[in-house]
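I am keeping these notes as I go through one structure, entry by entry.

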Amino acid sequence: GEEPVEPLVTGKETLLGEPFLRGRFSVLNPEMKVFTLSVSHNGANILFSSECRTISYLDDQGNLCWEITTEGLPICAALTEDGRFVGVGTDQGKVYFLSDAGHVLWETSFPGKIEHLIFNKKADEMVLSVSEEERDTLNCLNRWGSLLWEMETGPLRDLYPAAGKEICYLE
């Protein structure tokens, strides 16, 4: 029953200092859990995943551009900085790579749960953490879904893109 909190847009304040609202998107169930929120570098594209097993892609006015349903809960999702590509990971080990038009370009599966997913700064590689019962790994895929490398880790708390093709992770 509460109003959603709207983001502040720099330079778009009204004369009274109130933020200027560009758009709004509301979900039918206000108690729905949102797993991930990702925004393109220029703010023109917004992506979120929810417990409804959906990935929703909005424009900067809050209009729904497309929505897809995933196999499993989409617990992690990310946009490339330019908003042209989307990566999604589920609790059932599915990884989806989509275009900004909502077309699934490829999908693959891993044993375990995809807990974190990021694109590197160049947006040509996707790095994801996979958690199985006895094993945790980092995996790097190229834009065509080929596995470039895999590395064993402990359970990860977070994953961050760094300069170029480098990544940082927090165990």
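**Entry 1: cysteines.** I began with Cys52, which counts as partly exposed because its relative accessibility is 46%. The scale I used calls a residue buried under 20% relative accessible area, exposed over 50% and partly exposed in between, with a 1.4 Å probe and protein chains only. Cys168, at 40% relative accessibility, counts as partly exposed. I then looked for disulfides, taking one to be a pair of cysteine sulfur atoms within 2.5 Å, and the count by this rule came to zero. For my own reminder, a disulfide is a covalent bond between the sulfur atoms of two cysteines.

**Entry 2: what kind of model this is.** I note that the model is predicted, that local features need pLDDT of at least 70 and side-chain atom pairs count only at pLDDT 80 or more, while totals for chains, interfaces and linings use all residues. Residues are numbered from 1 along each chain as its sequence is written, and side-chain values use heavy atoms, with hydrogens and water left out.

Entry 3: Strands here are DSSP runs of E with at least two residues, and helices are runs of H or I with at least four, numbered from the N terminus; two strands pair if DSSP finds at least two bridges between them. I found an open sheet of four strands in the order 5-6-7-8, paired in the antiparallel sense. Strand 5 (76–79) and strand 8 (104–109) stand at its edges with a single partner strand each, so one side of each is left without a neighbour in the sheet. From one strand to the next the twist averages 10°, where axes are lines fitted to C-alpha atoms (for helices, over the stretch in contact) and angles run from 0 to 180 degrees between N-to-C directions. Looking at one pairing in detail, I saw that strand 7 (residues 94–99) runs antiparallel to strand 8 over five bridges, and that Leu98 has Val104 of strand 8 as its bridge partner.

Entry 4: Another open sheet of four antiparallel strands has the order 9-10-11-12. Its edge strands are strand 9 (113–119) and strand 12 (147–153), each of which pairs on one side only, and the twist averages 20° from one strand to the next. Strand 10 (residues 125–131) and strand 11 (residues 136–142) are joined in the antiparallel sense by seven bridges, with Val127 standing opposite Cys140 in strand 11.

**Entry 5: Leu148.** I looked up Leu148, which lies in strand 12, and found that it is partly exposed, with a relative accessible area of 41%. Counting a contact as heavy atoms within 4.5 Å, and leaving out residues up to four places away in sequence, I listed Glu125, Cys140, Leu141 and Asn142 as the residues that Leu148 touches.

**Entry 6: nonpolar cores.** Which residues have the most contacts inside the largest nonpolar core? A core here is a set of buried Ala, Val, Leu, Ile, Met, Phe, Trp, Tyr and Cys residues joined through side-chain atoms within 4.5 Å. The largest has 14 residues, and those with the most contacts inside it are Val95, Phe110, Ile114, Leu117, Met126 and Leu128. Strand 5, strand 7, strand 9 and strand 10 each supply at least two residues of this core. A second, separate core of eleven residues includes Ile55, Ile68, Val86 and Val88.

**Entry 7: aromatic pairs.** Rings of Phe, Tyr and Trp (its six-membered ring) pair if their centres lie within 6.5 Å, and planes under 30 degrees apart count as stacked, over 60 as edge-to-face and the rest as tilted. This rule gives four aromatic pairs. The rings of Tyr57 and Trp66 have centres 5.0 Å apart and planes at 10°, so this pair is stacked, and both residues are buried. Phe97 and Trp106 form a stacked pair, at 5.3 Å centre to centre with 15° between the planes, and both are buried. Ring pairs link Phe85, Phe97, Trp106 and Phe119 into a cluster.

**Entry 8: positive phi.** Arg53, although not a glycine, has a positive phi of about 65°, and Arg53 is found in the loop between strand 2 (45–50) and strand 3 (54–59). Ala123 is not a glycine and has a positive phi of about 65°; Ala123 lies in the loop between strand 9 and strand 10. Are these two buried or partly exposed? Arg53 counts as partly exposed at 34% relative accessibility, whereas Ala123, at 10%, counts as buried.
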